Amino acid sequence: MAAGAPFCLSHIGIPTVDADATIEFYERLGFTVIGRFANPRTNSLAVFLRLGNAVLEIYEGKERNVSSGAINHIALQVDDIEAAFKFAVKNGLSPASNELETLPFWENGVRFFTVIGVNGEIVEFIQRL
C-alpha cells in the first residue's frame, strides 16, 4: 500500500464488445492472461491481463459503452522509447504519429508515442529523460 493511503491500484477496466480482439491487442503489447472468469451477475466474460505490476480487466458485453469515457489513456513506462516504438511497429500496433513526441514534463522532459486499442482507448508508451 502507498504511504498514507489504505489502498493501491488493483487494475484498469476496459469495456469491449470483442474480448478476443481486445485480448489479442494487449498480448501484442506484452500482457499475459492471468484469469478468465464468467460474471454471473451480468452473464458476461471478464479477463484479467498483467504486464509487470499493471493489471487490466477486459469485460465483455453487447451493451457495453465503448466510447471514450473517464479513462483517457493507459501509460506504460519504458526505458528505451526507440526500442518500444520499433516493437510497436513490428507488432502491428500502428503508432498514432510517425515520430516520437516530447513534452517538458518532470526534470528533463519525456518522450512518448501512442497507439489506439481495439475499443478506442489510448495506450501511451513514455520514457522520462
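Colleague: How much of the chain counts as buried?

Modeller: Keep in mind that this is a predicted model. Of the 129 residues in the chain, 35% count as buried.

Colleague: And what about the surface?

Modeller: The chain exposes about 8,300 Å², with carbon and sulfur atoms supplying 53% of that.

Colleague: OK, how many helices and strands are there?

Modeller: You'll find 2 helices and 8 strands. Going along the sequence, the pattern reads β-α-β-β-β-β-α-β-β-β.

Colleague: Which residues in helix 1 are buried?

Modeller: Helix 1 covers residues 19–28, and the buried ones there are A19, T22, I23, F25 and Y26. Looking down the helix axis, these buried residues sit within an arc of 160°, so they line one face of helix 1.

Colleague: Pick one for me. What does T22 touch?

Modeller: T22 is in helix 1, and its relative accessibility is 0%. Because buried means under 20%, T22 counts as buried. Leaving out residues up to four places away in sequence, T22 touches T16, I58, V118 and N119.

Colleague: Which other residues have a positive phi without being a glycine?

Modeller: S94 is one of them, with a positive phi of about 45°. You can find S94 in the loop between helix 2 and strand 6. W106 isn't a glycine either, and has a positive phi of about 60°. W106 belongs to the loop between strand 6 and strand 7.

Colleague: Are those two buried or exposed?

Modeller: S94 has 53% relative accessibility, so it counts as exposed. W106 is exposed too, with a relative accessible area of 56%.

Colleague: Let's go inside. Which residues touch the most other members of the largest nonpolar core?

Modeller: That core has 25 residues, and Y26, L29, L56, F113, V123 and F125 touch the most other members. Several elements each supply at least two residues of this core, among them strand 1 (12–16), helix 1, helix 2 (81–90) and strand 8 (122–128).

Colleague: What does F125 touch?

Modeller: Setting aside residues up to four places away in sequence, F125 touches L29, L76, V78, I81, A84, R111, F112, F113 and V115.

Colleague: Switching topic: how many salt bridges does the structure hold?

Modeller: There are 2 salt bridges. One joins R111 and E82, whose closest N and O atoms are 2.3 Å apart. The pair links distant parts of the chain, with R111 in strand 7 and E82 in helix 2, 29 residues apart.

Colleague: Why can side chains pair like that?

Modeller: Side chains of opposite charge can pair when their charged atoms come close.

Colleague: And how accessible are R111 and E82?

Modeller: R111 is partly exposed at 23% relative accessibility, and E82 is partly exposed at 36%.

Colleague: So which residues meet in the other salt bridge?

Modeller: The side chains of R128 and E107, at 3.6 Å from N to O. R128 is in strand 8 and E107 is in the loop between strand 6 and strand 7, 21 residues apart, so this pair also links distant parts of the chain. R128 counts as partly exposed at 39% relative accessibility, whereas E107 counts as exposed at 63%.

Notes: Residues are numbered from 1 along each chain as its sequence is written. This is a predicted model: local features need pLDDT of at least 70, side-chain atom pairs count only at pLDDT 80 or more; totals for chains, interfaces and linings use all residues. Side-chain values use heavy atoms; hydrogens and water are left out. Buried means under 20% relative accessible area, exposed over 50%, partly exposed in between (1.4 Å probe, protein chains only). Helices (H or I, at least four residues) and strands (E, at least two) are DSSP runs, numbered from the N terminus. The arc is that of the directions from the helix axis to the C-beta atoms. Accessible areas come from the Shrake-Rupley method with a 1.4 Å probe; for residues, only the protein chains shown count as cover. A nonpolar core is a set of buried Ala, Val, Leu, Ile, Met, Phe, Trp, Tyr and Cys residues joined through side-chain atoms within 4.5 Å. Contact means heavy atoms within 4.5 Å. A salt bridge is a side-chain nitrogen of Lys or Arg within 4 Å of a carboxyl oxygen of Asp or Glu.
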